[in-house]
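Here is a short report on a single protein chain. Keep the sequence and the 3D view open while reading.

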Amino acid sequence: MINQNKSKKIFLLFTLVAVGFLIFLAVMLATVLKPRHLPAMYAKETSKAVRGSIISADGFHIATTKKLYKAVVNNYYIDPQKRDLFIQLFSIYSGIDAKTVKKKLAKRKGVVVLSYNIPQKQAQYLKRLAYELRRYKVFVERKNKRTGRTTLHGLSIIESGESREYAYGKLLTPIIGYPHKIEDKGYTYIKGVKGLERRFESELQAKQDELVQGQRDVNSYIILNKNSFTKQTINGLDIKLTIPVSLQIRIEKMLDTMKVELRAKQIMIAIMETKTGNILTLASSNRFLPKKIKKSDYPSLNSAMTEYSFEPGSVMKVITFSLLLDKGLINPYDLVNGHNGRFKMGRKVITDEHKFDWLSAENVIVHSSNIGMAQLSQKLSGQEFHEGLLRFGFAQKSTPDMIYERAGSIPSANRLNNEIYKATCSYGYGMRANLMQLIRAYSAFNNYGRIVTPRIVNNFIDNLKRDIIIPKVEDLQVIKSSTAARVKKILIKTVNQGTGVKAITPGLEVGGKTGTAHIVEKGKYVRKYNTAFLGFANDKKHEYTMGVIVIQPKKSQFAAQTSVPVFKKAVDIMIEEGYLKPDIVKQPSRTHSSLH
């Protein structure tokens, strides 16, 4: 009996051991087969590439891209006893007031975005802080009631987007243009809307984001070795301009002052190196802050130098005169009847501001006679006139560097056969042009008869700081060099003796032509005017083609009183900045003996 009980106990014990072993095996098998939420052995990190910068000729970054980050934390995982420590440290590293951080954390449970606009440098500090906070167990593990998993979430610093920065405010607007923001999968991108930002969108755009993936260490850092993979960041190309900031700033300030003095709606100026086509200044009195555009700024958003076309007035007389001279149809000394300031052609009466009986063909330019030019232009056929205007670049885009250009218009060859259309077009009515077209056309008189294409962008710069050269548009011979030389002398005479006398600068070779034109509103000419002065300023080493447009000045309707003084002030600034050096011949000092 005793042996039987003993056997039962042994059997029961064996059974319990066997069952326990089977349970152990079952648990182990379940553990093996069940998906485990262990940290991944491999990790990957990405970093967004950014938009390229716009850089001035003298190396200043006018438009740059700043990468932004957002700081995210989950309230649930912050150790209550270390909450104040987290708030204080985050405040120190982020620069955000501690009270603000505390208020945001108190406002909602769970995921809290502490900031959407953390600059890149601060983001790097905060990433380091996030690591240290984990190390000091500021965050604690929590069990998910639904899944039963134990997880831990710390402070996350995530790329949120990019911001376009304009260090010099209104400088060079609207040429630079402005951007707008595009949201894509939680990331804010920048895209150009107007100006250079839009024209070179494909070049400025980011090319390739950074990607790093490989095995990770215990601190979740990727181990960089032969088994890891890296794809380098390729940012957008930088754009290097031909325009220096130092000169642009001074010219813009001068235009602001003159706009007030002349009570004008707008003033524009372009200064171009005649030989290279490089634009040194392209400035307007009407500018805006690219990141703070107001409703009142809307009229200024267009690049008026190419997007505002107008009847240019008497500056076109020089173009007409050069076509006549080039074809041998006139001689500068031919006499023209001034009809005492009033001349009837068909049903149209043409008038001059100053009355002349007779004047030479070249003095038609010097004293800006509409009557004289109307008669001289009749020697051109409609076809000759039309083709000549096209050769000079009218009704065509003036530069490849600007967008949305209004190329203006010229009468057809057939219409120019009509004596009235021919006459009015000869002195700048019945056609439309913009400032850059006029600059391009006038470069012929300072460049042996060849017109040069204005350039605003000098080159691109890639990620390795290598220059990418932009092919230059070839100069175009539009008139003979001898014709250009003769017209140049007449333009110098116009400054020295005619309507441009206020542009005289001792020691420099200055020439140019004034122009005044009525403005059309609702199909009728009204008592409002645009004035212009196109010409050049040269010293012994430098040659510049320059143009000024004053839109609706109220102080005076005459270019001699409006556009010419602006031109002269620009020349003075160029002298002060070292772009022009007058050749002043010093007079010998008079000794005591010479007085006798």
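## Overall fold

This is a predicted model. The protein has 16 helices and 25 strands. Of its 596 residues, 48% count as buried.

## Nonpolar cores

The largest nonpolar core holds 78 residues, and F392, F394 and I456 touch the most other members. Helix α9, residues 316-326, gives the most to this core, with 7 residues. A second, separate core has 31 residues, including I251, M258, I267 and A570. In soluble globular proteins, nonpolar side chains tend to be buried together.

Neighbours within four places in sequence aside, F392 is in contact with I319, S322, L323, A441, A444, F445, I451, V478 and I479.

## The second largest pocket

This pocket has a volume of about 950 Å³. Its lining counts 32 residues, and those closest to the centre are S314, T351, E353, N370 and T516.

Which strand gives the most to the lining of the second largest pocket? It is β23, with 6 residues. β17 (348-351), β23 (509-521) and β24 (524-538) each supply at least two. By type, the lining divides into 11 nonpolar, 15 polar and 6 charged residues.

## A hairpin

Strands β8 (residues 179-184) and β9 (residues 187-192) run antiparallel and are joined by 6 bridges. P179 stands opposite G192 in β9. The two strands form a hairpin with 2 residues between them. K185 sits in the turn and has a positive phi of about 55°.

Q248 belongs to helix α7, residues 245-262. Is Q248 buried or exposed? Its relative accessible area is 1%, so Q248 is buried.

V571 is in helix α16, residues 563-576. V571 counts as buried because its relative accessibility is 0%. With neighbours within four places in sequence left aside, its contacts are T505, L508, A537, M546 and L580. Take L508 from that list: V571 and L508 are 63 residues apart in sequence, yet 9.6 Å apart in space, C-alpha to C-alpha.

## Backbone details

Most residues other than glycine have a negative phi, and most peptide bonds are trans. Some exceptions follow. The peptide bond from T173 to P174 is cis, with omega near 10°. P174 is found in the loop between β7 (156-166) and β8.

Two loop residues have positive phi. A395 has phi near 65° and lies in the loop between α12 (382-391) and α13 (419-426). Q552 has phi near 50° and lies in the loop between β25 (543-551) and α16. Their burial classes can be read against the cut-offs. A395 has a relative accessible area of 30% and is therefore partly exposed, since that class runs between 20% and 50%. Q552, at 18% relative accessibility, counts as buried, because buried means under 20%.

Technical notes
Residues are numbered from 1 along each chain as its sequence is written. This is a predicted model: local features need pLDDT of at least 70, side-chain atom pairs count only at pLDDT 80 or more; totals for chains, interfaces and linings use all residues. Side-chain values use heavy atoms; hydrogens and water are left out. A nonpolar core is a set of buried Ala, Val, Leu, Ile, Met, Phe, Trp, Tyr and Cys residues joined through side-chain atoms within 4.5 Å. Buried means under 20% relative accessible area, exposed over 50%, partly exposed in between (1.4 Å probe, protein chains only). Helices (H or I, at least four residues) and strands (E, at least two) are DSSP runs, numbered from the N terminus. Contact means heavy atoms within 4.5 Å. On a 1 Å grid over the protein atoms alone, a cavity is a set of points where a 1.4 Å probe fits but cannot get out, and a pocket is an open set with protein on both sides within 12 Å along at least five of seven lines; lining residues have an atom within 4 Å of a point. Grid points are joined across faces, edges and corners, and a volume is the space filled by probe spheres set on the points. Ala, Val, Leu, Ile, Met, Phe, Trp, Tyr, Cys and Pro count as nonpolar, Asp, Glu, Lys and Arg as charged, and the others, Gly among them, as polar. Two strands pair if DSSP finds at least two bridges between them.
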